[in-house]
Amino acid sequence: LRSCSLLFLFFRPPNAGQGRGTVQQRGRRAKRDGQGIRRVERGRRVNPRRARVFTMSFLFKHKTRTPAELVKQIRLDLKGIEGIDLGSPSPARMKKTLSFGTLKGFKDGDVALHKTAKHMGQLRKMLVGDESIDGRVGETGSDKDGNGRAKGGAATSTSSSAADGSTPYPKDCAAAVTEMCVQGLIKDLCLALTQLDLEVCRDITACINAVLGYTAAGSGAKPGVDYFVENCQIFDVLSAGFQDDATALHCGNILRECNRSPDLCKIMVLEPGQVLWNLFEYAECAEFSVQSDVFDTLKELLLKHKGVTSELLADKYDRIIGEYTKLLTSEAYMTKKLGLGLLGKLLLEHLKGSMLRYINDPKNLMLMMNLLKDKAPSIQYEAFHVFKVFVANPDKAQGIVEILSRNHKKLISYLENFHNDKDNEQFKSEKVIVLQQINLIGLNH
């Protein structure tokens, strides 16, 4: 009876027991009793019962979590997901943690997944701004980068900004970045990628990339980069993610974001450099999307920071050229094609350094000449762009000159009809120069 009385008090129409009155009187009464929640225009009748229900909505509002509370809750959510081992607490404590707000018909693991998705969305909003605004701007492709981070003025709050003052951050961004690093959430999120669905993994990738790109105002510190330097075992987790098709693209995205920092690039390539060698191992993956992502990541690691790559080639030239040779002699079409493209770019970037050794090795020239005759036209075309570097080198080694001189007639005969259907003026001019150089070598030797 007491419950029924309370319900009656909540939902009792304020006009109960009163006469209906005229339309104007009812309108004025509804406006007064509904407290302005529903406007009365032209004498329209207002349902005061419904207005009273709306006035009670404050009872059901959720408390907004601080960045520290949200990060802590996400860690608890992850521990409740089956298959993720983050040093979980006892089962009894875990059940108590998940009991509040448990969804009807869901197991504890399902509840943890649901809560993780919800809370990761909230964390992403803290780090990159209001998705309802940034998402619409980002559709044009001009105000967001590929990692979901706001560029320029695309963020929604200007309460804090980067050290150079050019990139405004949301107001809770700094606190969220600090808490993610202090509480160790970044490593937990990387470990959890294999157990979460696509949308949550996208949120995780966007959040980690936002932390890596964050620069503290005034000091210019990069807490995200510092965290990865101090916890370099995360790179083992990310590079191992290429073994799973579901996580490979997300791990590649994070690794390429890490590579923006020269310090993190050194860890991945030089000290201990296991990420680089793992990528070479996964480069022959049968799944095309994963293989393409591996080569994109390799290209970033080897071409973005020229000084790091020069040091790598100076210290471990034989090993890295050995890995390239495996790719170029593979039976898989895409492996050879992508490997040739990457080798051509590396040659052009480091031709005056360690790669000069590559184009003076007769074995490498013979390999390119064999690839020029590959049955796949695209492999032939890619091989030509590497072969032309051997021919155009003004300081050819004696072994290179002898091979070109001995085979100059066959090479000229073959190249005269080589891809004549290509409508590419640069390729045509390069082919003419290569023919002239080979002919000159044949005449002089």
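Is Asp374 buried or exposed, and what is its relative accessible area? Asp374 is buried, with a value of 13%; buried means under 20% relative accessible area, exposed over 50%, and partly exposed in between, with a 1.4 Å probe and protein chains only.

1. A word on the basis. This is a predicted model, in which local features need pLDDT of at least 70 and side-chain atom pairs count only at pLDDT 80 or more, while totals for chains, interfaces and linings use all residues. Residues are numbered from 1 along each chain as its sequence is written, and side-chain values use heavy atoms, with hydrogens and water left out.

2. Back to Asp374. Its partner in a salt bridge is Lys336, with the closest N and O atoms 2.9 Å apart; the term stands for a side-chain nitrogen of Lys or Arg within 4 Å of a carboxyl oxygen of Asp or Glu. Asp374 sits in the loop between α19 (362–372) and α20 (377–392) and Lys336 in helix α18 (residues 333–349), so the pair ties together parts that are 38 residues apart in sequence. Helices here are DSSP runs (H or I, at least four residues), numbered from the N terminus. Lys336 also counts as buried, at 13% relative accessibility.

3. The structure holds eight salt bridges, and another one joins Asp203 to Arg124, again with the closest N and O atoms 2.9 Å apart. Because Asp203 belongs to helix α10 (residues 198–213) and Arg124 to helix α6 (residues 108–128), this pair ties together parts that are 79 residues apart in sequence. Asp203 counts as buried at 15% relative accessibility, and Arg124 does at 14%.

4. Lys388 is in helix α20 and Glu430 in helix α23 (residues 425–444), so to speak two distant parts of the chain, 42 residues apart. Both residues are buried.

5. Next, a helix pair. The axes of α15 (residues 274–282) and α17 (residues 306–328) come within 10 Å and cross at roughly 15°; axes are lines fitted to C-alpha atoms over the stretch in contact, and angles run from 0 to 180 degrees between N-to-C directions. The two helices are therefore roughly parallel to each other, a label for angles under 35 degrees. In this contact, Leu276, Trp277 and Phe280 of α15 meet residues of α17 including Leu312, Ile320 and Leu327, where contact means heavy atoms within 4.5 Å.

6. Tyr317 is also in helix α17, and counts as buried at 7% relative accessibility. Its C-alpha atom is separated by 7.7 Å from that of Ser354, 37 residues apart along the chain. Leaving aside neighbours within four places in sequence, Tyr317 is in contact with Leu312, Ser354, Arg357, Tyr358 and Asn364.

7. Ser239, in helix α12 (residues 234–240), is buried with a relative accessible area of 1%. Not counting residues up to four places away in sequence, Ser239 touches Val275, Asn278 and Tyr282.

8. Finally, a backbone detail to check: phi of His419 is near 50°, a positive value in a residue other than glycine. His419 is placed in the loop between α22 (408–416) and α23, and counts as buried at 12% relative accessibility.

Definitions and conventions: Parallel < 35°, antiparallel > 145°, perpendicular 65-115°, else oblique.
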